[in-house]
Amino acid sequence: MEETSLCCEQLPDGECIEVQKDEDGALIELDCQNGFSEGRKEFVAPAVGMEFESYDDAYNYYICYAKDVGFRVRVKNSWFKRNSREKYGAVLCCSSQGFKRIKDVNHLRKETRTGCPAMIRMRLVESQRWRVLEVMLEHNHMLGAKIHRSVKKMGTGMKRKLLPSSDAEGQTIKLYRALVIDAGGNGNSNSSARDDRTFCEFSNKLNLRKGDTQAIYNFLCRMQLTNPNFFYLMDFNDEGHLRNAFWVDARSRAACGYFGDVIYFDNTYVSNKFEIPLVTFVGINHHGQSVLLGCGLLAGETTESYTWLFRTWVKCMSGCSPHTIVTDRCKALQSAIVEVFPRSYHCFGLSLIMKKVPEKLGGLHNYDAIWKTLIKAVYETLKVIEFEAAWGFMIQRFGVSDHEWLCSLYEDRVRWAPVYLKDTFFAGMSAARPGESISPFFYRYVHKQTPLKEFLDKYELALHKKHKEESFADIESRSSSPLLKTKCSFELQLSRMYTRDMFKKFQLEVEEMYSCFGTTQLHVDGPIIIFLVKERVLIEGNRRDIKDFEVLYSRTAGEVRCICSCFNFYGYLCRHALCALNFNGVEEIPHKYILSRWKKDYKRLYVPDHSSGSADDTDRVQWSNQLFRSALQVVEEGILTLDHYNVALQSLEESLSKVHDVEQRQE
């Protein structure tokens, strides 16, 4: 398929160079005037859900965005209808995507492709608009003015043919301005005024569209009628305008009692200026799946708004306070957590930080080398002294000691670098390995332009899908036994206790015990023995390198702890700790390392206790909460099979009959 590559590069004099491939694959240079005024706002990044009137509009938009960021664009794929030859799908990618074909290897031109993943995939939808379905923003090469450029001068006739008309240029400018305003920007960077629909960081009220207020009201009424124990609270400013809102459904309130020990507070929709200023409280259930623990709408990223939200959440959850809170880096958020959750450990999401690296460092010289050095410092160091040395080497080697973002990141290192967080329990939310990330709970349901009304309509659908996934996982875990892959007693032990998904994660550690070797005693300090376990770890190019891991073991205390801290990060013992136990003749994992939160019957055997004592004789709200939690356990057990359902239904009917008997006796 023929590929076309276009690029407009910003020049000091305000002009641009438009480059197009000729039939030979060489790049052709065209001179044209820059249609955008100096000092313009940064062009909005593509996002899933964006729609355009035509393919040309979408294509021109991505070209403008590419010029603004500093890379070339190529049409990777196009799809056409068989009969009409009408285009209905396309993938636009960075020109550095892929690698040179084998037949071109002997050509003398310099290799410029790096296998870059940046791209957008779009498709013609029923509304006859082009919708963006998939986006990759990260590049694996340097961006900006220093990109390698190969151009070939061309004749006047060809140049005149390819030069865009003034109408087309004006259309592109209009498209640019419309997109920036829609995304919360402004077409004129010299103006401090914001569009009425723009999310303002210090706003004192929610910016609602026409009909949003009625949509919120209808949503809350519907949830109260159909969802017992549904809770919501509104915050109004002095003028009576809605400023903040919080709500949580009955299942989420019950789930907090089981899985509220570690929560991820997701404010990325707010910080990234989405149409919906949505924030979510998210936990991890016994299958390792994300579970919703509450939602909110915030007028602004202020300490006051976050404090109100957290206090409301604590009140709703009967004083529940998590052990660990994972968030994005935000000063206002940090201050609110210190005030409301003083005993919780507040950490910054590592994956959220690493996603910002291309944006923050992409324009630096030697970006690729800086990225590799940063990866090694963050993910491959096991001790604080190693991290400090690796970070210092990066700063000195690449001369970035004055880089503001890196300096602030280093100051906060105890809240995000894995070597400083080994004593903190994350239940799998640490994302402490390369490539891991924390996905938004409403992923696939919310994009940058999703209206509030549309989200409220999809809310119950999203929760229903999550509840269905958990129910299926419950049934699968209880009705079948996992396939064992080794003869290790540790594998057999946890196969009988853990849910299927969590067992598979632990099973991988058992299998990888065979990549470890040379377990030796390194040091003895009274009852504590330090072992050295060697492992062949994968490195670049699918090669393996030998790495040493220190494991502390105490037989008398029944404790084992590896320097990789897999247990605190993920909730199960690592291959190195298992090797140390096996070396000492231990055949069963110590009880303290078998977490109840991963067990198949966890929600059946564990009854959350939110109350501070016995039931209050007059507190009907407390009665309601406790009754609902108990009834919900019956419901969740009753949906496993038809027999479970019949028994549960009969029990509930009998219970209701007994309650009616009490009422009749009182009469």
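**The sheet and its surroundings**

Author: Four strands form an open sheet, with antiparallel pairing, in the order 16-17-18-19; strands are DSSP runs of E with at least two residues, helices are DSSP runs of H or I with at least four, both numbered from the N terminus, and two strands pair if DSSP finds at least two bridges between them. This is a predicted model, in which local features need pLDDT of at least 70 and side-chain atom pairs count only at pLDDT 80 or more, while totals for chains, interfaces and linings use all residues. Residues are numbered from 1 along each chain as its sequence is written, and side-chain values use heavy atoms, with hydrogens and water left out.

Reader: How many bridges join strand 17 and strand 18?

Author: Strand 17 covers residues 528-538 and strand 18 covers residues 544-554, and the two form a hairpin with five residues between them. In the turn, G541 has a positive phi of about 75°, and L538 has R544 of strand 18 as its bridge partner. The antiparallel pairing of these strands runs over 11 bridges.

Reader: Which residue of strand 19 stands opposite S554?

Author: Strand 18 and strand 19 (residues 559-562) run antiparallel and are joined by four bridges. Their hairpin has four residues between the strands, with G558 in the turn at a positive phi of about 65°. L552 stands opposite R561, whereas the residue opposite S554 is E559.

Reader: What angle does the direction of helix 18 make with that of strand 17?

Author: Helix 18 (residues 575-583) packs on the sheet and touches strand 16, strand 17, strand 18 and strand 19, where contact means heavy atoms within 4.5 Å. Axes are lines fitted to C-alpha atoms, for helices over the stretch in contact, and angles run from 0 to 180 degrees between N-to-C directions. The angle with strand 17 is about 130°.

**Salt bridges**

Reader: How many residues apart in sequence are the parts that E509 and R433 tie together?

Author: The side chains of E509 and R433 meet in a salt bridge at 3.9 Å, N to O, the term meaning a side-chain nitrogen of Lys or Arg within 4 Å of a carboxyl oxygen of Asp or Glu. E509 counts as buried at 3% relative accessibility and R433 as partly exposed at 32%, where buried means under 20% relative accessible area, exposed over 50%, and partly exposed in between (1.4 Å probe, protein chains only). Since E509 lies in helix 16 (residues 500-511) and R433 in the loop between helix 13 (404-411) and helix 14 (452-479), the pair ties together parts that are 76 residues apart.

Reader: Is R500 buried or exposed?

Author: R500, in helix 16, links to E476, in helix 14, through a salt bridge of 3.7 Å, N to O. E476 counts as partly exposed at 38% relative accessibility. With a relative accessible area of 16%, R500 is buried.

Reader: Which residues are linked with R433 and E509 in a network of salt bridges?

Author: By the same rule, the count of salt bridges comes to 26. Linked with R433 and E509 in the network are E436, E512, E535 and R575.
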